[in-house]
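Please keep the structure at hand while reading.

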Amino acid sequence: MSTAAITSPGEASPTPTVSGHGGSPILSVKNLSVKFQDNIAVDDVSFDVSAGEVLAIVGESGSGKSVTSLAIMRLVELSSSGKVTDGQMRFSRADGDIIDLRTASESTMRTIRGNDISMIFQEPLTSLNPVYSVGNQLAEVLRVHKGMSRREAKRGVIELMERVRIPEPKRRARQYPHQMSGGMRQRVVIAMALACQPKVLIADEPTTALDVTIQAQILALLRELKNDLDAGIIFITHDMGVVAEIADRVLVMRKSHAIETGSVENIFHSPQHPYTKKLLSAVPKLGSMNGTDSPALFHLDKEEV
Amino acid sequence: MTRILDVENLVKSFSLSGGMRVHAVEDVSFHVNRAETFALVGESGCGKTTLANLAMRLQKPDSGTIKLLDTDITHLGTKELRPHRRHLQMIFQDPFASLNPRKTVGKIVGDPLRLNRAASNSPDDDRVAELFELVGLSADDMRKYPHQFSGGQRQRICIARALTLNPSLIVADEAVSALDVSVRATVLNLMIELQQEFELSYLFVSHDLAVVERIAHRVAVMYLGQIVEMGPRRQVFENPQHSYTQRLMDAAPIADPGQRRERALIAGEIPSPVWPEDQGPEKVTLNDLGGGHLVAAE
């Protein structure tokens, strides 16, 4: 087992936290550890997220990237065996209060989930209720979280749907989730997550189940919304192509440890840790075969996993 | 060049309730040469998997012909097809679902030998051990069960099983899509090496352009059941001519932040391949741009 040292070019602090591009972070996670019974899922992971930036957490299956995001929402405890065992997760609320999500009461967490920190998942169908129209579900969010009247919510729904570029929002609002394509459903889920203007949006593999042309549209949409809302986005993915498209900064995880963190340019162009190098050597880069006719082997960086 | 698989004018549609019909494969022709990787790319619902299944004769086409090594197998019955099946093997997407959990992996890889007794007179175990080493596993692994292996190792076992009878063509339907990045690269390397060693042909079905660029000699782009562009990988990728190919290439992420592109925020969706019974899509005509590069007229 290798050590969990974080290598970050030009930054060799003993307590390795890489902060965002200027400004104070909205969310600052320090030394986070999560256990499921005796299994360590996240071990001493630290990172910051600032307004208007996308932090991509990348890793292969079982690296702990999704558990990290569930820990922020304090959702690991929903499974009886999960527990945040160490660390701090300091979150700055809109009113200026700074609270540690790790120790916050469940009632405080309930006011944060959905309002201050929203989450979208890989499969939009599981996040939507099959027996209500999507308009109905969006309106419910506006009424519960924003205290809107029925009439206000109805108007708000159309605005939200226009914002995530759903064509013919009036007709679409009457549709049920099964009547929509995967890309449209993911737009609905994003609209729902945005209804409360969250400060942090956690997106866990949001485009993995989508076709490439639809994925490109959703990534463009997220990028635009990030700028509009000035929110921080934590983007969890295994796909280095998607990371290159959307991330400002990257945190590479492996086997529950943070391996390396840095700007997206630094991670791709001058990776420091052997694991990051190995991972990148295994990623096919579209266009890299220009000028050749035959298939080519991957020249894999040797590093024992 | 020897043609291993030659498919002409294949049509397959499925009828739905309410007098509607899915036109999954519409008048598709292509061939796969010896020692060549021919990739079918396209988005979900474009018909690429149906086309692969037709080529394998796992489904019967409505019309058209499938020739395997110069034999017309389109209308062969189950029994007549059996001697030809050994030339045609398949690797699937999910290596967890495609291995019987109650058999040892040695038995799984050896089964094709037992089922095709005539194929080999050498003792099964030696051949199986040889296959395990060929795909980078140890002969000692033969006694283990599938659950004792990782996803990448299981896909190697699936490849070993596909190789057992020295096939000419392997159909790989999203065979590396479920694997982690680093594992995927090692499995692709293995496939490329095996191709060079045994002059194998692959019909490689994938949605991932970056992977296809790496492994394919020739590529066909499918859209709504039809091939809209086909040709040598280099021509199709460097000089895409059909608007759908261009859209696909433009949307594919490039693993280099230096090449990040601004994209228009259109919310376009692919039209449906479902038509009323008495209607259907317009037939496309492919124009030859030279060098085997074919593009549908728009």
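How many bridges join strand β3 of chain B to strand β8 of chain B, and do these strands run parallel or antiparallel?

## Pairing of β3 and β8

In this predicted model, strand β3 of chain B, residues 37-41, is joined by five bridges to strand β8 of chain B, residues 201-206, and the two run parallel. Within this pair, B:F38 stands opposite B:L203, the latter belonging to β8(B).

## The sheet as a whole

The pair belongs to an open sheet of eight strands in chain B, whose order is β6-β7-β8-β3-β9-β10-β13-β12 and whose pairing is mixed. Because β6 (88-91) and β12 (286-288) of chain B stand at the edges with a single partner strand each, one side of each is left without a neighbour in the sheet. From one strand to the next, the twist averages 20 degrees.

Helix α9 of chain B, residues 243-251, packs on this sheet, where it touches β9 (218-223) and β10 (226-232) of chain B, and the direction of α9(B) makes about 100 degrees with that of β9(B).

## The side that touches chain A

Between the two chains, 39 residues of chain B are in contact with 44 residues of chain A. On the chain B side, α6 (181-198), α7 (209-215), α8 (233-238) and α9 each supply at least two of the residues, and the largest share, eight residues, comes from α6(B).

By residue class, the side of chain B that touches chain A divides into 20 nonpolar, seven polar and 12 charged residues.

Methods: Residues numbered from 1 in each chain as written. Chains lettered and ligands numbered in written order. Predicted model: local features only at pLDDT ≥ 70, side-chain atom pairs only at ≥ 80, totals over all residues. Pairing = 2+ DSSP bridges. Helix = DSSP H or I, 4+ residues; strand = E, 2+ residues; numbered from the N terminus. Axes fitted to C-alpha atoms, helices over the stretch in contact; angles between N-to-C directions. Contact = placed C-beta atoms within 7 Å. Nonpolar A, V, L, I, M, F, W, Y, C, P; charged D, E, K, R; others polar.
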